[in-house]
Amino acid sequence: MGNKPVRPEDVLPDGAEGTEFDGAYVRKGSVAAFIGNVLALSEVESRTPQWEEIAGQLRELKSALDRIGVLDVFEIRDPAVRALVDGL
């Protein structure tokens with residue numbers, strides 16, 4: 001994005017549901033959904049059906065976060081969740 005400030009509307013214009021990053025479409029809300037799922041995963045018992053469902057959603061969202069660089073600048077605090085996401 002260069003060496004200028006980036007405003008939300010520079011990334012996603014008003015009314016748009018998503019945009020292309022690195023050759024793939026990324027929906028708005030992907031970052032918030034990923035964060036919500038990371039928080040939810042840290043609150044459920046490992047390897048339960050609920051855990052598997054949340055982990056599956058993280059798996060689907062991770063490629064979008066990789067494309068926009070979120071995981072290059074932010075680290076997941078929970079070591080177990082971070083290890084899971086790193087392995088996806």
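This is a predicted model: local features need pLDDT of at least 70, side-chain atom pairs count only at pLDDT 80 or more; totals for chains, interfaces and linings use all residues.

Author: Happy to. By class, six nonpolar, four polar and two charged residues line the second largest pocket; here Ala, Val, Leu, Ile, Met, Phe, Trp, Tyr, Cys and Pro count as nonpolar, Asp, Glu, Lys and Arg as charged, and the others, Gly among them, as polar. By name, they are V11, L12, G18, T19, F21, V26, R27, K28, G29, S30, V31 and I68. β1 (18–21), β2 (24–27) and α2 each put two or more residues into that lining, and β1 has the largest share, with three. (Helices are DSSP runs of H or I with at least four residues, strands are runs of E with at least two, and both are numbered from the N terminus.)

Residues are numbered from 1 along each chain as its sequence is written, and side-chain values use heavy atoms, leaving out hydrogens and water.

Now for the largest pocket. Its lining has 14 residues, with I35, V38, E75, I76 and R77 nearest the centre. Ten of the lining residues are nonpolar, one is polar and three are charged. Both α2 (30–41) and α4 (70–73) supply at least two residues there, and α2 gives the most, five.

Notes
On a 1 Å grid over the protein atoms alone, a cavity is a set of points where a 1.4 Å probe fits but cannot get out, and a pocket is an open set with protein on both sides within 12 Å along at least five of seven lines; lining residues have an atom within 4 Å of a point.
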